[in-house]
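Here's a quick briefing to keep beside the structure while you look around.

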Amino acid sequence: KGMEIWWSMERGEPFNHLSIPDSTDISRDITTFVVWWSPGQYLVPGFLVRAGFPIAIALTLTTLLCHILGLAGWYRVWRNLGFDARVSSWSCLILATQGFFVEAFAKYHGGECLLFAFLPLPILLALQWRDHPYRIAAMLPLALAIGVFMKTSFLLFAAVLFAVCTCREAILAKESWKQRGTRLSALAAGAATGLLAIWWSFFSRGDTPAAIMARPWSVLDLI
C-alpha cells in the first residue's frame, strides 16, 4: 500500500496522500492523508526510483542497505554490552540466517527493514550516555520522529527504552532524590515533546487502527 501512496504523490497529490476512486462516483478520485502506514517505507525506495533505478532494484537496494546497517548497528550494541568480537560476529551471522531476514529480499517488508536498520542507534546512544540522562532526554524527540517515520510500531520500542532509562535513573542512580527527580523530569519532557510533535504533525491528520477500533460498533457492522 505504501508504494501506492508514492505513485499518487508522483501524479501530483500532496505529501503522504493516497488517491483512490470515489465509491459514490468512480468517475472521480478522492485523496486522503494516510496514517495507517509510515511514510519511510515508500519514500526511501522512492528516492532511488527518482534517481533512475527500476522499482524492483530500488526495493532490493533498500532492503540490502538496511540489513547491512542493521547488522553493523547490532554488532556495535553487543560489543558495547561487553560481548567479545567472536560472539558478536556469530550473533550477526545467526541473525542474518533468520527467515525474516532472507524473506525480505523476495517480498519487500517496508518499515520492518527500515526499523531493523535504525533500532540499534538509539540503543547504542542510550548505552553510551547511560550516565548522561540529559543527553538521552534531548535524543528522545528526534529518535521518536525518525522511528515513527520509518514504522509507527517504533512507539512500542520507544516505550520500553523510556521505561528502562527512567527505571535505571530512579533505582540505580546514587544521587539525591531531588537530583534524580530533575533528571526524570527531563526524560519525561523529552518523550512528551516527541509524542506531541508526532501527534500534531501526523497522527491527528487521519484515522489509525487504534482510533477505528475504539469507535462504537454493532453486529450490523459485520453484515
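Is tryptophan 74 buried or exposed? In this predicted model, tryptophan 74 is buried, because its relative accessible area of 18% falls under the 20% cut-off. Here's what else is worth a look, by topic.

**Around tryptophan 74**
- You'll find tryptophan 74 in helix H3, which covers residues 55–80.
- Skip the neighbours within four places in sequence, and tryptophan 74 is in contact with Leu95, Phe116, Leu119, Pro120 and Ile123.
- Serine 88 sits 14 residues from tryptophan 74 along the chain, and the C-alpha atoms of the two are separated by 8.3 Å.

- Leu64, Ile68 and Phe105 together make a nonpolar surface patch of about 270 Å².
- Phenylalanine 105 belongs to the loop that runs between helix H5 (99–103) and helix H6 (111–118).
- With a relative accessible area of 39%, phenylalanine 105 counts as partly exposed, because that value lies between the 20% and 50% cut-offs.

**How H6 and H7 pack**
- Two packed helices are described by the angle between their axes and the distance between the axes.
- For H6 and helix H7 (residues 120–128), the angle is about 20 degrees and the axes are 5 Å apart.
- That makes H6 roughly parallel to H7, because angles under 35 degrees count that way.
- On the H6 side, the residues that meet H7 are Phe116, Ala117 and Phe118, and their partners in H7 are Pro120, Leu121 and Pro122.

Terms used. Residues are numbered from 1 along each chain as its sequence is written. This is a predicted model: local features need pLDDT of at least 70, side-chain atom pairs count only at pLDDT 80 or more; totals for chains, interfaces and linings use all residues. Side-chain values use heavy atoms; hydrogens and water are left out. Helices (H or I, at least four residues) and strands (E, at least two) are DSSP runs, numbered from the N terminus. Buried means under 20% relative accessible area, exposed over 50%, partly exposed in between (1.4 Å probe, protein chains only). Contact means heavy atoms within 4.5 Å. Patches are made of residues with over 30% relative accessible area and no salt bridge: like charges are joined within 9 Å, nonpolar side chains (Val, Leu, Ile, Met, Phe, Trp, Tyr) within 5 Å. Accessible areas come from the Shrake-Rupley method with a 1.4 Å probe; for residues, only the protein chains shown count as cover. A salt bridge is a side-chain nitrogen of Lys or Arg within 4 Å of a carboxyl oxygen of Asp or Glu. Axes are lines fitted to C-alpha atoms, for helices over the stretch in contact, and angles run from 0 to 180 degrees between N-to-C directions. Angles under 35 degrees count as roughly parallel, over 145 as roughly antiparallel, 65 to 115 as roughly perpendicular and the rest as oblique.
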